[in-house]
Amino acid sequence: MAGAIAIAAALSRIKTVLCPHCGAKKLVDPKVKSDVRVCPRCKKRFSFSEALKTSAAKKK
Ligand SMILES: [Zn+2]
């Protein structure tokens with residue numbers, strides 16, 4: 001059960017960002033220290049903090 005709680009806690013902080021290269025959605029855990037993420041679709045690297053800003057801007 002402790003594992004289920006840990007997973008729920010992890011999911012609650014997960015952010016969805018869009019890849020700036022191809023627009024694919026990626027789920028990112030902000031607790032991970034590295035700011036560089038790899039897109040699951042195009043395999044290019046991008047900055048999580050920058051992608052979060054552009055993703056938030058696109059919602060409005
Ligand atoms: Zn991409």
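Predicted model: local features only at pLDDT ≥ 70, side-chain atom pairs only at ≥ 80, totals over all residues.

Mentor: Helix α1 covers residues 2-13, which makes 12 residues. From its first C-alpha to its last it reaches 17 Å, close to the 16 Å expected at 1.5 Å a residue. The helix is hardly covered, for the count of buried residues among its 12 residues is 0.

As for the setting, the protein has 2 helices and 4 strands, and along the sequence they follow the pattern α-β-β-β-β-α. The C-alpha trace spans about 40 × 25 × 20 Å along its principal axes. Of the 60 residues, 8% count as buried.

The largest nonpolar core has 5 residues, namely V17, C19, C39, F46 and A51. Leaving aside neighbours within four places in sequence, A51 is in contact with V17, L18, C19, P20 and F46.

H21 also deserves attention; it lies in the loop between β1 (15-18) and β2 (25-28). H21 is partly exposed because 14 other C-beta atoms lie within 10 Å, a count between the limits of 12 or fewer for exposed and 20 or more for buried. Not counting residues up to four places away in sequence, H21 touches C39, C42, K44 and F46. Of these contacts, C39 and F46 belong to the largest nonpolar core. The C-alpha atoms of H21 and K43 are separated by 9.5 Å, although the two residues are 22 apart along the chain. Across the protein, among contacts between residues at least 6 apart in sequence, 27% join residues at least 24 apart.

How values were computed:
Residues numbered from 1 in each chain as written. Core = buried A, V, L, I, M, F, W, Y, C linked by C-beta atoms within 7 Å. Contact = placed C-beta atoms within 7 Å. Expected span 1.5 Å × (residues − 1).
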